[in-house]
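User: Hi! I'm new to protein models and would like to learn how to read a cavity. Could you walk me through it?

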Amino acid sequence: MNNDMTRPPGVNAENSAAAKDGNALKDAMLETRIKARLITAGGASAMHIEIEATNGVVSLSGSPVDEAHHNKALRITRATKGVREVHDLMHVQTPDSAAK
């Protein structure tokens with residue numbers, strides 16, 4: 001069976017791989033842009049936040065130091081060009097979790 005029959009006209013394996021590489025590069029650039037904006041706005045607290053982007057859908061995880069930093073991270077991420085959607089997986093540090 002020829003797998004090319006299942007692809008849209010004009011799309012071959014090489015084009016498909018190039019598109020995936022291009023998307024991966026865009027996602028990496030988006031992650032870097034968000035991290036830079038978070039560091040600029042929040043300093044060291046941004047280091048507690050992990051960023052993962054897939055096709056413009058950004059997941060934020062980690063432990064911001066307080067609710068204000070949590071909300072700022074969400075606001076900055078949503079306002080960043082190229083972000084289509086934000087998944088909030090963060091957990092604000094509590095005095096108990098910060099001591100561990």
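User: Which residues line the largest cavity?

Analyst: On a 1 Å grid over the protein atoms alone, a cavity is a set of points where a 1.4 Å probe fits but cannot get out, and lining residues have an atom within 4 Å of a point. Here the largest cavity is lined by Leu38, Gly42, Ser45, Ala46, Ile49, His69, Lys72, Ala73 and Ile76. This is a predicted model, where local features need pLDDT of at least 70, side-chain atom pairs count only at pLDDT 80 or more, and totals for chains, interfaces and linings use all residues. Residues are numbered from 1 along each chain as its sequence is written, and side-chain values use heavy atoms, leaving out hydrogens and water.

User: Which elements give two or more residues to that lining?

Analyst: Helices (H or I, at least four residues) and strands (E, at least two) are DSSP runs, numbered from the N terminus. In this lining, α1 (13-42) and α2 (67-78) are the elements giving two or more residues. The largest share, four residues, comes from α2.

User: How much space lies in the largest cavity?

Analyst: A volume is the space filled by probe spheres set on the grid points, which are joined across faces, edges and corners. The largest cavity holds about 50 Å³, and a search of the whole structure finds one cavity of 30 Å³ or more.

How values were computed: On a 1 Å grid over the protein atoms alone, a cavity is a set of points where a 1.4 Å probe fits but cannot get out, and a pocket is an open set with protein on both sides within 12 Å along at least five of seven lines; lining residues have an atom within 4 Å of a point.
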